[in-house]
Amino acid sequence: MKQGAAEMQRFALIGAGFIGAVHAQSLAANPEVDFRFVYDVDLARAERLAFSHGATAVPSLEQVFDATQVDAVLIASSTNRHTEHLRLAADAGIAALCEKPIDLDLETARETVAYVEAAGITAMVDFNRRFDRDYAEVKRIVDAGEIGDVELVQLSSRGPSMPPLEYIAVSGGQMRDQTVHFFDLATWITGLDAVAVYATGSALAEPRIAEYGDVDTSVATVRLANGALVQIDSIRRSGYGYDERLEVFGSTGLVEAKRHRAGQVARYGSGTVTESGMHAGWFERVQPTYAAALSEFVGALEGARLPSPSLRDALRAQAIAEAATRSLASGREEPVGS
């Protein structure tokens with residue numbers, strides 16, 4: 001236990017897989033967190049992760065949702081259990097920071113949000129890209145009116161390689177799994193709701209993905225409440241590394257968050273310039289945002305600010321993803337529900 005832990009926020013982590021391990025590192029490093037417990041359906045995996053960060057592995061959820069021992073839970077479990085764990089946190093009166101999505105079924109997600117809100121606990125969804133410094137600066141510029149009224153937003157999300165088909169089968173599809181982050185970014189940065197979306201896509205990098213009713217290369221066009229447009233291209237396999245960028249065009253100017261390279265050194269030779277390439281994967285690009293999102297949540301627990309992104313923010317992005325998924329199947333622009 002850290003020095004002065006009695007004054008810290010006592011946390012339990014649910015999930016000891018890859019993303020759970022990422023969150024464990026953030027929890028252990030945060031000076032305002034007393035990282036107490038790790039739970040996973042695989043107890044041995046929970047024990048290994050807990051041991052590496054000075055926490056304790058627990059064999060049951062009853063120990064996780066014990067308000068006498070825990071102030072907050074970080075939910076990094078499998079997607080199909082997010083709803084269950086959010087409801088348990090609500091029942092116990094324990095705050096919750098949850099990985100997206102709340103549930104793959106939008107109606108179930110809505111019911112869960114209503115349940116959690118009725119309990120009155122502090123809850124936040126980890127749309128961690130909001131905590132990228134470049135994207136936060138873009139939002140500040142847009143909010144300040146420095147580029148006038150938003151008219152066009154363009155975003156790119158291009159992964160380095162295809163995920164396993166086993167993952168694709170349970171991911172919910174590209175719109176719900178990959179592009180949803182950028183639906184959230186677009187509405188957050190502009191402060192505008194989406195009213196309709198048209199999406200089209202193909203299975204180019206891995207033709208077998210079509211067997212799951214999914215695509216690996218897509219373009220989604222979102223119409224915002226003021227008539228502005230958002231265009232998002234999403235690619236599962238770039239072949240050259242992880243590539244992500246964002247641009248907002250306004251009535252009086254433009255602001256851009258450029259591609260991040262793995263380094264900023266350029267080597268000049270006779271007739272050539274050699275520069276660093278892209279990050280190998282998405283995690284290398286966004287890793288710092290996980291710790292920043294946790295700090296935001298801890299601040300909300302301490303009453304310094306409201307939790308953001310909220311569960312309602314997650315519903316808004318998921319509603320766009322649902323409409324985009326319908327559009328892929330129908331070939332038409334689809335309305336975005338509330």
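**Entry 1: domains**

I am working on a predicted model, where local features need pLDDT of at least 70, side-chain atom pairs count only at pLDDT 80 or more, and totals for chains, interfaces and linings use all residues. Residues are numbered from 1 along each chain as its sequence is written, and side-chain values use heavy atoms, with hydrogens and water left out.

I then checked UniProt. An unreviewed entry there gives "domain: Gfo/Idh/MocA-like oxidoreductase N-terminal" for residues 10-127, and "domain: GFO/IDH/MocA-like oxidoreductase" for residues 135-255, also from an unreviewed entry. The UniProt positions are in the numbering used here, the feature names are shortened, and annotations may be inferred rather than shown by experiment.

For residues 10-127 I noted 43% helix and 21% strand, with the end C-alpha atoms 22 Å apart. For residues 135-255 I noted 27% helix and 36% strand, with the end C-alpha atoms 10 Å apart. Helices (H or I, at least four residues) and strands (E, at least two) are DSSP runs, numbered from the N terminus.

**Entry 2: where the domains meet**

How many residues of domain 1 are in contact with domain 2? I found 12, against 13 residues of domain 2 (contact means heavy atoms within 4.5 Å). The two domains bury about 780 Å² between them, with 64% of that on carbon and sulfur atoms. Buried area here is the accessible area (1.4 Å probe) that two parts lose on being put together, summed over both. On the domain 1 side, Lys 100, Leu 104 and Leu 106 lose the most area to domain 2, together 61% of what that side buries.

I looked for charges next, and the rule finds one salt bridge across the interface. The criterion is a side-chain nitrogen of Lys or Arg within 4 Å of a carboxyl oxygen of Asp or Glu. Lys 100 turns up again, in a salt bridge with Asp 177 whose closest N and O atoms are 3.6 Å apart.

Which helices supply at least two residues each to the side of domain 1 that touches domain 2? I wrote down H1 (18-29) and H5 (106-119). H1 gives the most to that side, with four residues.

**Entry 3: the parallel sheet**

I traced an open sheet of six strands in the order S3-S2-S1-S4-S5-S6, with parallel pairing. S3 (56-57) and S6 (123-125) are at the edges with a single partner strand each, so one side of each has no neighbour in the sheet. I count two strands as paired if DSSP finds at least two bridges between them. S5 (residues 95-98) and S6 share three bridges in the parallel sense, and Cys 98 has Val 125 in S6 as its bridge partner.

**Entry 4: the mixed sheet**

The other open sheet I followed has seven strands, ordered S12-S11-S7-S10-S9-S8-S15, and its pairing is mixed. Its edge strands are S12 (254-257) and S15 (334-335), each pairing on one side only.

I went through the neighbours of S10 (residues 229-235). S7 (residues 150-158) runs parallel to S10 and is joined to it by seven bridges. Leu 152 is opposite Leu 229, and Val 153 is opposite Val 230. In a regular strand the side chains alternate between the two faces of the sheet. S9 (residues 217-224) pairs with S10 in the antiparallel sense, also over seven bridges, and here Val 222 has Val 230 as its bridge partner.

I checked two hairpins for phi. Between S9 and S10 there are four residues, and Gly 227 has a positive phi near 95 degrees. Between S13 and S14 there are two residues, and Gly 271 has a positive phi near 75 degrees. S13 (residues 266-269) and S14 (residues 272-275) run antiparallel over four bridges, with Tyr 268 opposite Val 273.

Then I looked for cis bonds. The bond from Lys 100 to Pro 101 is cis, omega near -10 degrees, and Pro 101 is in the loop between S5 and H5. Ser 308 and Pro 309 are also joined by a cis peptide bond, omega about 10 degrees; Pro 309 lies in the loop between H9 (282-301) and H10 (311-330). Most residues other than glycine have a negative phi, and most peptide bonds are trans.
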